[in-house]
Amino acid sequence: MIASLRNCRQAFYTIGDESRFLSLIFSIDGLGCPEQNWKSWKHRSFIAVLASSDNPSKFSEVLESYDYLYTDIRNKLVHEGKGFYELGGDNGSISCEKLWVIYKDIVSLILSKNFSTIDELHKFAENILKQDSFTGVIATVVTKSGKPKKIELPKW
């Protein structure tokens, strides 16, 4: 958590929204420490559930937003070398603010639940993500996103 906080702090000293955005993405991953094999919707669902705790309606909102931020912005910045000016939609500062809110919500969860290990955090998230109300949200958001057309939903 300390390393993530340090990295997050640096995000606000970087020049350029792209650098700030990517620092915040890395800080969020550093905070939650998703498993290496948690890719795609499993990764995004994990981060979204941490930011929304056990609230299915907030989870839906965060998952939809984080999916957009991650796949439509982060992936294009990293893999296609694009800048915010080329992406249209949200400008960089708005996207960074959305990530900052997600980051703060995860910090609040960790502090409120008094987690002391990553394992405790992972088990908390996995137990929530196994609930029907949350698996249904994931399926709805995946379908709504339209990407990709065929997808295997994460199994927890």
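## Where two helices cross

Helix α3 and helix α8 cross in a right-handed way, meaning that the near helix is turned clockwise from the far one, whereas a left-handed crossing has it turned anticlockwise by less than a right angle. Helices here (H or I, at least four residues) and strands (E, at least two) are DSSP runs, numbered from the N terminus. What you're looking at is a predicted model, where local features need pLDDT of at least 70 and side-chain atom pairs count only at pLDDT 80 or more, while totals for chains, interfaces and linings use all residues. Numbering starts from 1 along each chain as its sequence is written, and side-chain values use heavy atoms, with hydrogens and water left out.

Back to the pair: α3 covers residues 40-52 and α8 covers residues 132-145, and their axes come within 12 Å and cross at roughly 125°. Those axes are lines fitted to C-alpha atoms, for helices over the stretch in contact, with angles running from 0 to 180 degrees between N-to-C directions. That makes α3 and α8 oblique to each other (under 35 degrees is roughly parallel, over 145 roughly antiparallel, 65 to 115 roughly perpendicular and the rest oblique).

Which residues of α3 and α8 meet? From α3 come Trp41, Ser45 and Val49, and from α8 come Phe134, Ile138, Val141, Val142 and Ser145; contact means heavy atoms within 4.5 Å. By class, this contact of α3 with α8 has 6 nonpolar, 2 polar and no charged residues (Ala, Val, Leu, Ile, Met, Phe, Trp, Tyr, Cys and Pro count as nonpolar, Asp, Glu, Lys and Arg as charged, and the others, Gly among them, as polar).

## α3 also meets α7

Helix α3 has a crossing with α7 too, where the axes come within 10 Å and cross at roughly 100°. α3 and α7 are therefore roughly perpendicular to each other.

On the α3 side you'll find Ser45, Phe46, Val49 and Leu50, and they meet Leu121, His122, Ala125, Ile128 and Leu129 of α7. The contact of α3 with α7 divides into 7 nonpolar, 2 polar and no charged residues. Ser45 and Val49 turn up in the contact with α8 and again in the one with α7.

## The overall picture

Zoom out and the protein has 8 helices and 0 strands, giving the pattern α-α-α-α-α-α-α-α along the sequence. It has 156 residues, and 42% of them count as buried (buried is under 20% relative accessible area, exposed over 50%, partly exposed in between, using a 1.4 Å probe and protein chains only). Take the contacts between residues at least 6 apart in sequence: 65% of them join residues at least 24 apart.

## A buried aspartate

Asp67 sits in helix α4, residues 56-79. Is Asp67 buried or exposed? At 3% relative accessibility, Asp67 counts as buried. Leaving aside residues up to four places away in sequence, Asp67 touches Trp41, Arg44, Asp72, Ser145 and Lys147. Among them, Trp41 and Ser145 also take part where α3 meets α8.

## Cysteines and positive phi

A search of the whole structure turns up 0 disulfides, a disulfide being a pair of cysteine sulfur atoms within 2.5 Å. Cys96 is buried, at 4% relative accessibility, while Cys33 is partly exposed at 31%.

Most residues other than glycine have a negative phi. Cys33 has a positive phi, near 45°, and lies in the loop between α2 (17-32) and α3. Asn114, also not a glycine, has a positive phi of about 55°. Look for Asn114 in the loop between α6 (92-113) and α7 (118-129); with a relative accessible area of 64%, Asn114 is exposed.
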